[in-house]
Amino acid sequence: MTGLAVFLALWEVLARSGLLKAGVLPPVSEVLGQFFLLLGNPDFLAGAASTLLSWVLTILFATVIAIPLGILLGSIRPLRLATGPLIEFLRPLPTVALIPLATLVLGSGAQTKIALATFAASWPILFNTMYALGEIDRQLLDTARSFRTPLPRLVYGVILPSIAPFVLTGIRLSAAVGLIVLVSTEFLTGTSVGVGQFVFHWGSSSLRMDIVLAGTVFTGLVGYLVNIALLGAQRRWLGWSAAGGAV
Amino acid sequence: MPTMLQVSGLNHRYGGGDGAHVAVRELSFTVEAGQLACIVGPSGCGKSTLLRCIGGLIKPTGGTVRLHGDLVDGVPDDLAVVFQDYSRSLFPWLTVLGNVEFPLRSLKMSRDERRARAREALAWVGLADADRKYPSQLSGGMQQRVSIARALASRPALLLMDEPFASVDAQTRFELEDLLRRVQRERNSTVLLVTHDIDESVYLGDRVLVLSSSPATIVADLPVGLPAERDQITTRESAEFVTLRAEVARLLRDRNAAAEQALAEQVATTEQVSTGRANR
Amino acid sequence: MPTMLQVSGLNHRYGGGDGAHVAVRELSFTVEAGQLACIVGPSGCGKSTLLRCIGGLIKPTGGTVRLHGDLVDGVPDDLAVVFQDYSRSLFPWLTVLGNVEFPLRSLKMSRDERRARAREALAWVGLADADRKYPSQLSGGMQQRVSIARALASRPALLLMDEPFASVDAQTRFELEDLLRRVQRERNSTVLLVTHDIDESVYLGDRVLVLSSSPATIVADLPVGLPAERDQITTRESAEFVTLRAEVARLLRDRNAAAEQALAEQVATTEQVSTGRANR
Amino acid sequence: SVLNGGSGSSGSSGGNSGGPVEKSNITLGILGTQGSVGAKLAEKYGYFKQQGLNVTIKPYAQGPQAVPALINGELDFAVINYVSYYQAIAAKTLDAKVVVDGDVATETSQAIMAKPDSGIRTAKDLVGKKVGIQASKSLAELLVRATLKDNDVDPNSVTYLPITFPNIPAAIKSGQLDAGVEVEPYLTTSEQKDGLQPVIKIISGSTANMPVTGYIATSKFIDANPKTVAAFQRALFTAQRDATDRAKVAEVLPELSGVDQATAALLNLDTFPTANNPAQLQRVITLLQAYGGMTAQLNAADYLVPTPQM
Amino acid sequence: MAGLVGGGGCGVSGRWRAFGRRWLVFIVFLLLWQWITVSVANPYFPPPTQILDAAREAWLSGPGSHLFVTDAVTGDMLPSLGRLLLGWFIAVVVGVSCGLALGRLPKLTDYVSTMLFFARSVPAVLLVPVFLVAFGIGPRMEIVTILWGTIWPILLNTIDGARGVDAVKTETARAFHISRRDWVFGVVLPTALPKVFAGLRLALSIAIILMVVSELTGGADSGIGFRLINAQGGFQLAEMWAWIVLVSVLGYLANFLLTVVERRMLAWHPGFHAERLD
Ligand SMILES: Nc1ncnc2c1ncn2[C@@H]1O[C@H](COP(=O)(O)OP(=O)(O)OP(=O)(O)O)[C@@H](O)[C@H]1O
Ligand SMILES: Nc1ncnc2c1ncn2[C@@H]1O[C@H](COP(=O)(O)OP(=O)(O)OP(=O)(O)O)[C@@H](O)[C@H]1O
Ligand SMILES: [Mg+2]
Ligand SMILES: [Mg+2]
């Protein structure tokens, strides 16, 4: 928390110092003022609600898709080899370039941005799952095998707890990536209601950096809260593990 | 008695190409059901490898292992293992009780029964009070005892133990030895136990298998003629025990003699080098 | 001889609140420079905790440790440790040679000298051939010997060893014991060695510290009156050795008697329960 | 709130084309620029309702992004800039026609901006300079090129940097750009806040009254719903007739582009045609062929739905 | 590898089988793609063959003196790649070093974590105007945009990895007075390495995406992303797809190279050996 205070103070000083060109970085006090004004704006609240809901769905979908897939690919080598090229070709696809294509197929509603965000947010979870799987102590797996642990229990009793800390880091990364893609898609297409669209509409087009930053503060704040929640979960359930859960 | 375990022509080579290492060579022996066979052999000779092959945890590069006449291909049923690297074989996210219960969960068994069994096994090894701790909160010897309790709780037909008492004090070791013999008699389990303690191998075993240094081959297969009822004090004082013990020690020493000599020479030369340099 | 190590009123408590566990209570003793003190005590009594406190790896919750009269606050210079959990104390990404060399890197020393020293230490423990292997390719006993070699290679003034020979076979153990005594004499190092083997404690030590069960307190501090030059066969047969050994065993047994009795009772009751249920 | 929902029968009020529209629930994609003023006015003053249309308006950031939505039927009409539209037609990506001509730039509503002390006064001063244009091959670039050509300056002697309109003023101020094409509302806000000045006219001479954006619909839709299209045209042309009243335009501008009321009153407005004129639109095609590398021969009249009977 | 192919690594046929195993799914995917796009006939989804034609037109129709490559190759691909690699590389250096520090210094982490949480959730797109002014148009701003997006997976994964140093190894290092440098590079970094690599691979694809995004919003007048967006804006959809596919291929190649490096650096790791979990 002191860290945040120092950060905000630096921001304020920097903005007021005149080191930066005017209008680029409004002082934090103004941004926060604008932020609280935004909270009273029904349009903004509707956008925020839409973005948040989409975000929750994105994280949910990405998690549900990527963890099982990661476990499958991480543990079955032939499968990993066979799908490797396809995955590596799909992964760098820039979401922005896909917006028109996704719009064409899915329409320009919330489903498009959710699909795009899920696409982008799945990779961190998938990769962290696969890598965490490689890092499980072989001795633990041997132990489980020697007791003929049935597969489902092997997965939820041994594999999941072992990989959980790192996978959770993946989820936290995904959450940020998902939010970024959501807001960017809203921002760039300006079609589906959301924070990004709001920022684009009211901020960027009339050069109101304070509104842009207030919207940014909002996304940052929400990201922060979700991160805190995930971290809490990590500390609560994965306390036995030294790794995981810092930033 | 049926042949419980039949190892024939077992070979295991780690790696391939230049770095290949033959850990086990042409090993053959059988163990009857209900027997407790102790395995002794020099460090690094291939004892753990042998146990892993028998437990189906690694696939030997040659030869076969049969249990009840069936080829072992994968981990056999009704097996329990106490690993040499006990600390890494405990699940860090489970409590001591959770760890001991773990293998029982795969058995059809009510929650209460499972818990009772786990607690019973923990009491056997003297850890009844530590059931709610996590492995990282235990001392080395306690961790090792947890892994013994876990193996005993699952009441296996075949029990593989890799230096199970290496980290416990002498007194506890005696108690655990007696516990093991008692439990094994009662359940008529078959036990293969690797140990470095020659006294222990004779005291515990119905047989002692002496292995050569790497790659492991069988040097001797000594039946232990001690009575089934053994006692830490009287048994260890019996003439039979003393003879056997000396025999095992001699076998191990002789086998090592060549290697030992080489080692001694090496030490001597490096010694000279080092003392010559280390005048600090 | 100056007082090398002075432990006074040492207390250590793990955790706090309800789950607190007092591992060491009011422990005081001193060790002179060049002494080899063996520590024996029941499993889980607090021996490793004691070594950690002395090595400055954990901060005791009470009492002080002084080295050469200076308060230990942080890890003292010229220390080497052989950890009980040897397999986890080796760095899996370094070869055996790399592991032994690793602590030498921080000393001002040429690459060649470092390498020579590491090789020498590896030869001592009989692992000259395994220098290019990775720890995961070694057997348990070999890993343990690597960690011994690492400790010896750094030529420490104070050497803490936590059950350093637990995983090696009897023959190798003898050799390593002799090696340790020789190296210790030559360098005049001070050694604190935890062991579970009563014979070993007497054979190796200039003193044997017997600890009580948890929390650890000192039950006895026995000077070992054996000659400095020892020999595996003659020393172990000497009357002095036999008496001392019996004394240590008695001390350990007596200390444990109460606990043991409780344990026996527990086993008996759970036994009844289990045999009643286990008719399968 | 629509009483005549399902039946779609309500050509009553302004309908003089006979019969109800085929489709009364219409989705329209608009942009945040002046080209969409007509749609906002028609919505505000109920001209859509009068024509029996129940219109849902969806804002888009850029015209080309509405094209996929138009193709997959999500949108019935969309506002798009003509440059993109004719490129799509030439690439045969889109089979659509202009339904209503949206807006026409005026001398003051688009211009090259620069700092007052930049020394840039005429087209010749631009040689070797960095000029911001909305996007590569955008109308802005074409207009600059045409202006240079008209003034006998080599159009390739200028560096064109694609920077979006909102970002151009900051880029000029910080020296990243020497000049840049601006449109409203940034043109006015950059004058007010950043102290920039319009230095060169780009809507004059051969480029005077250049059409900027229009309302399009797919040919399929136009063929299937002629009455709907006509009703839509009538509603919009009615609205655009209103747009000669600056006050009315200023009313909808804040909602459209996010400027505040005070600024809205100051903006330089485009003009809003009240009929479709193929000759006007052909000028965009000519511009594209001359400066935008378009090779296809297009006839604007083939891609324009004629003005309906009002 | 040879061991996996099965049998006795029977020369050519074995290699073919390995190749088949690796690429079969991908080839099936290509065929499906062709089939579906041909039957759907949507201008937005040209069939792969058409994309290939467009690609040849765009990149290989240059004059003989240029080895037949067009300006697009030298003027767009290479600078883009340069920016991409530079941005990623800076992210690696900064991310790994900060990650190691933060992972081992919980106090410091507590101090800055709030700020980092916050920064992490800010989309680079929204910051483009700020970056534009702060760093100017051109490569610097694009590199910063790439850096902004790529650093997080590296940083977070490195922190995670660094925190995962086993307690016994920490004690070993302390007991032996390992120098600070050896502690960081000899203990913490190797421990973190598998996780760092996961982060590097994630970051690489994010870098590619951001390369495109930065060129789209940042006023670039050349580059892969610029061409892509231009083709999209000009409705040259086959060409747009050609650029998209190029981005994919670049991603694949970059990832492949990284995997090679990873194999070497993690050779000691039992989890990353040939026999993984199967
Ligand atoms: N990190 C910890 N947290 C809580 N309790 C601990 C922790 N480490 C050890 N203990 C407890 O402290 C006591 C002493 O542990 P210690 O490791 O010192 O025993 P030890 O004498 O070395 O035993 P052993 O011979 O079995 O290795 C044990 O009862 C153990 O449960
Ligand atoms: N994964 C491996 N890869 C390569 N070589 C290995 C591997 N595991 C063991 N070895 C080698 O095989 C030989 C036998 O190892 P094993 O663990 O079976 O010995 P052991 O008899 O159990 O020794 P100890 O008594 O020291 O535990 C050793 O020389 C060792 O170096
Ligand atoms: Mg072993
Ligand atoms: Mg201990």
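Predicted model: local features only at pLDDT ≥ 70, side-chain atom pairs only at ≥ 80, totals over all residues.
**Stop 1: ligand 1**

Select ligand 1 together with the residues around it. The shell holds 21 residues, and those that come nearest are Ser139(B), Gly141(B), Lys47(C), Ser48(C) and Thr49(C). Because the surrounding residues are drawn from chains B and C, this site is shared between chains. Colouring by secondary structure shows the contributors: helix 5 (140–153) of chain B, strand 2 (21–32) of chain C and helix 1 (47–54) of chain C each supply at least two residues of the shell. By class, the shell comprises 5 nonpolar, 13 polar and 3 charged residues.

Next, display the distances from the oxygen atoms of ligand 1. On the chain B side, a polar side-chain atom of Ser139(B) is 2.7 Å from one such oxygen atom. On the chain C side, an N or O atom in the side chain of Gln84(C) likewise lies 2.7 Å from an oxygen atom of ligand 1. Cys45(C) takes part through its backbone, with an N or O atom 3.3 Å from an oxygen atom of the ligand. How much of ligand 1 does the protein bury? Taken alone, ligand 1 exposes 630 Å², of which the protein buries 89%.

**Stop 2**

Ser48(C) belongs to helix 1 of chain C, whereas Gln84(C) sits in the loop between strand 6 (79–82) and helix 2 (86–89) of that chain, so the pair ties together parts that are 36 residues apart in sequence.

**Stop 3: ligand 2**

Of the 21 residues around it, Lys47(B), Ser48(B), Thr49(B), Ser139(C) and Gly141(C) come nearest. Which chains form this site? Residues from chains B and C surround ligand 2, so this site, too, is shared between chains.

The side chain of Thr49(B) places an N or O atom 2.4 Å from an oxygen atom of ligand 2. From chain C, a side-chain N or O atom of Ser139(C) lies 2.7 Å from an oxygen atom of the ligand, and a backbone N or O atom of Gly140(C) lies 3.4 Å from an oxygen atom of ligand 2. The protein buries 89% of the 630 Å² that ligand 2 exposes when taken alone. Two or more shell residues come from each of strand 2 (21–32) and helix 1 (47–54) of chain B and helix 5 (140–153) of chain C. The classes number 5 nonpolar, 13 polar and 3 charged residues.

**Stop 4: the annotated domain of chain B**

Select residues 5–238 of chain B, which an unreviewed UniProt entry lists as "domain: ABC transporter". Over this span the chain is 32% helix and 26% strand, with the end C-alpha atoms 30 Å apart.

**Stop 5: chain E**

Finally, turn to chain E. An unreviewed UniProt entry annotates several stretches of chain E as "transmembrane region", including residues 23–45 and 240–261. Residues 23–45 of chain E are 78% helix and 0% strand, and their end C-alpha atoms are 23 Å apart. Residues 240–261 of chain E are 100% helix and 0% strand, with the end C-alpha atoms 32 Å apart.

Definitions and conventions
Residues numbered from 1 in each chain as written. Chains lettered and ligands numbered in written order. Heavy atoms only, no water. Near = heavy atom within 4 Å. Polar contact = N/O pair within 3.5 Å; in protein donor to acceptor, adjacent residues only side chain to side chain. Areas by Shrake-Rupley, 256 points an atom, 1.4 Å probe, with all protein chains shown as cover. Helix = DSSP H or I, 4+ residues; strand = E, 2+ residues; numbered from the N terminus. Nonpolar A, V, L, I, M, F, W, Y, C, P; charged D, E, K, R; others polar. UniProt positions renumbered as here; feature names shortened; annotations may be inferred.
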